[in-house]
Amino acid sequence: MSTFTDAVTDDGDSSDSDAAEMFPAVTDALSVVTKPHEYARDWKRRHDAPVVAYLSTYVPREILWASGVLPVRAFGSRRPEDVTVGDEHHNRRLFCPFSRDVLAQGLLGRYDYTDGIVLASVCLHLRQTFDAWVQEVASEEDFTHYIAMPHGTPAETGDEFLPVKRHGVDYASAPDGGTCPHAPAAYLTTKFDRLRAELESFTGAPLTDDDLEAAINVYDRSRKLLRDIYAYRAEPEPRLSGTDATALVTAGQLMDPHEYVDVLESALAQLEDGAGEPRAVDARLMVVTAVGDDRTLYRTVERELEYDATIVVEDSSVGTTDFYRPVSEPSRGPPAKDDDPLKAIARRYLDRPPYPSKQWDNRREHLRSLVSEYDVDGVLIVLEERCDIHLRDIPHETNLFEEELDVPTLTVVAEKGRVPPGQLKTRVEAFVEEITTPSMEGLY
Ligand code: SF4
C-alpha cells in the first residue's frame, strides 16, 4: 500500500514567500508552480489543445509549442515514496529518488490530463522513468518520443560542431569538412526533424518554419527577460531572493510561453521600479545541482540560518543552464536568422550550459563565469542521492572552485529527495560562519 502523500508541490510557497508581497509577479509564478496540474488543465480547456509532459530541459520546447502543444515539465513531489518499488517494470531503488518520484506522479495519475511524454536523454535514470511511463502511464493514443541527445560538443577543439576524435575515429577529416553526419548539430537536427514529422502526424497539422520562428522568438524573449531579471541578483544587496528567482524559472518550465513572458515583463518592471527590500548579505552562495527544484532548501538557507545568506545564482536545470544562451545568440556559429530553424534550435541545445556529465569544458567555463558575474563567496553542491552523473563531475567542480578560484565549497546529499533539514541548517550555518570569519592564516 502506498504511503505517498497526495500533495504534489503544495509546500507552502504561496503563503511564506517574503518577496511575494513585494513582487506580485512572483506570486503569479508561484500560483502556477504550486498548482501545476490545475494550470495545465485550465490551459487545455481554454485552448482545446494537447498538453505533453517532458522529462528533461534538453527537450526542445520550441518545437512542441510550434506544433500547438503545451510542453509541461514533469516534476516529482520531493517527498519519500514507495510507489515505484515492488514491480519490475517500475523504476526501482537502484535509480535516483528524483527519477522515481517523477514516475510515481505519473503512476498516481497526477498527469492524467497529458497527451504524451517526451525525453531528451540526460541519464539512464530518466530513461528508465520514460520507458516505464510509456508502458504504465501513457495510453495507446499518446504522443511518446525519445531524443538521443549527444553527450559531448567539441568546444575545446575550436571547431564548431565537429567531434574531432571520438572512440578513435577522426571525424575532423570528414570529406565534406563540417557536415559529417556524426557531427552533433547535424545529428541533432535529424533527430529534431523526426520529432517534427511525428508531431505533424500526432496533431494532423503541418509544422512550418514560420511556426518554428515564432516559437523561437517567444522562448528567446523569456530567456532574455530572465537574464535581465537575474542581473538584479548580482546587486551587492539583492532585492530578489534565490527562493523567488527559482520560482520564476520553474514557472517557465510549466507555462504557456506567452503568458510566461507577461509574468517576466511584470517582474522586471517591478524590479526596475525599485520593488523589494535589499537583503543583508553575510554570504553570497551559488547552488550547483542537477535538478534544483527543491525550494524548501532555498528557504532554509535564506531564511532559517543565524546568518544572512543569499543564494545569488545556481547551476541547475531549474536555473541558468535552462535559459542562458538563447537560440538567436549562439556563442559560436552564425545567428539563427541565417540558419534553418531546426538547426538553430539544435545548436542552442548543444551550446547551452551543459548538464553534469555532458561536456565538462563548457561546464567549467559556465561555472567560472557565474562565480565572477554574481560575486560568489561560497558554493553549495547538492548531490541527488544515486545521481552518478553529477557525482562524476563533483571532483572537477570542487577542484575548480577551491583550487583555481579560491571559493570554498560544501557538498550535501539530497536523500530520498531532500537534504534532511536539520543537517542542512547545521552544515550550511557552519559553512557560512567559515566564510564570514576572517582567516587566521599569517597571524602567527
Ligand atoms: S538527479 Fe541525476 S540521476 Fe536523477 S534524473 Fe537527474 S541527472 Fe538523472
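Two residues are taken to be in contact if their C-beta atoms, placed from the backbone, lie within 7 Å. In this predicted model, helix H5 (97–107) is mostly covered, with eleven of its eleven residues buried, and what covers these buried residues includes helix H6 and strand E9 (378–384). The buried residues of H5 run through Pro97, Phe98, Ser99, Arg100, Asp101, Val102, Leu103, Ala104, Gln105, Gly106 and Leu107. H5 is followed by Gly109, for which phi is positive, near 85°.

The protein chain as a whole contains 16 helices and ten strands, and 51% of its 444 residues count as buried. Among the contacts in the protein chain with a separation of 6 or more, 75% are accounted for by residues 24 or more positions apart.

The ligand is surrounded by 13 residues, of which Cys96, Cys123, His125, Glu384 and Cys387 are the closest. Two or more residues of this shell are given by each of the elements H5 (97–107), H6 (124–136) and H15. By residue class, the shell around the ligand divides into nine nonpolar residues, three polar residues and one charged residue.

The largest nonpolar core has 119 residues, and those that touch the most other members are Ala29, Leu248, Ala251, Leu285 and Met286. Helix H8 (residues 209–231) gives the most to this core, contributing eight residues. When neighbours within four places in sequence are left aside, Leu248 is in contact with Val26, Ala29, Ile229, Leu264 and Ala267. Val26 and Ala29 are among the buried residues of helix H2, together with Ala25, Asp28, Leu30, Val32 and Val33. Helix H2 (residues 24–33) is accordingly described as mostly covered, with seven of its ten residues buried.

Two helix pairs were examined further. Two packed helices are described by the angle between their axes and the distance between the axes. For H8 and helix H13 (residues 341–351), the axes come within 9 Å and cross at roughly 35°. In this pair, Asp209, Leu212, Glu213 and Ile216 of H8 meet Pro341, Leu342, Ala344 and Ile345 of H13, and the residues of the contact comprise six nonpolar, no polar and two charged.

For helix H14 (residues 360–373) and helix H15 (residues 388–404), the axes come within 11 Å and cross at roughly 40°, and the crossing in which H14 passes H15 is right-handed. On the side of H14 the contact is made by Trp360, Arg363, Arg364, Leu367 and Arg368, while on the side of H15 it is made by Asp393, His396, Glu397 and Leu400. The residues of this contact divide into three nonpolar, one polar and five charged.

An exposed position was also considered. Glu277 is placed in the loop between helix H10 (257–272) and strand E7 (283–289). Glu277 counts as exposed because 11 other C-beta atoms lie within 10 Å, and a residue is exposed if that number is 12 or fewer. Although Glu277 and Arg239 are 38 residues apart in sequence, they are 5.3 Å apart in space, C-alpha to C-alpha.

Key:
Residues are numbered from 1 along each chain as its sequence is written. This is a predicted model: local features need pLDDT of at least 70, side-chain atom pairs count only at pLDDT 80 or more; totals for chains, interfaces and linings use all residues. Axes are lines fitted to C-alpha atoms, for helices over the stretch in contact, and angles run from 0 to 180 degrees between N-to-C directions. Helices (H or I, at least four residues) and strands (E, at least two) are DSSP runs, numbered from the N terminus. A crossing is left-handed if the near helix is turned anticlockwise from the far one by less than a right angle, and right-handed if clockwise. Ala, Val, Leu, Ile, Met, Phe, Trp, Tyr, Cys and Pro count as nonpolar, Asp, Glu, Lys and Arg as charged, and the others, Gly among them, as polar. A residue is buried if 20 or more other C-beta atoms lie within 10 Å of its own, exposed if 12 or fewer, and partly exposed in between; C-beta atoms are placed from the backbone. A nonpolar core is a set of buried Ala, Val, Leu, Ile, Met, Phe, Trp, Tyr and Cys residues joined through C-beta atoms within 7 Å. A residue is near a molecule or strand if its C-beta atom, placed from the backbone, lies within 6 Å of it.
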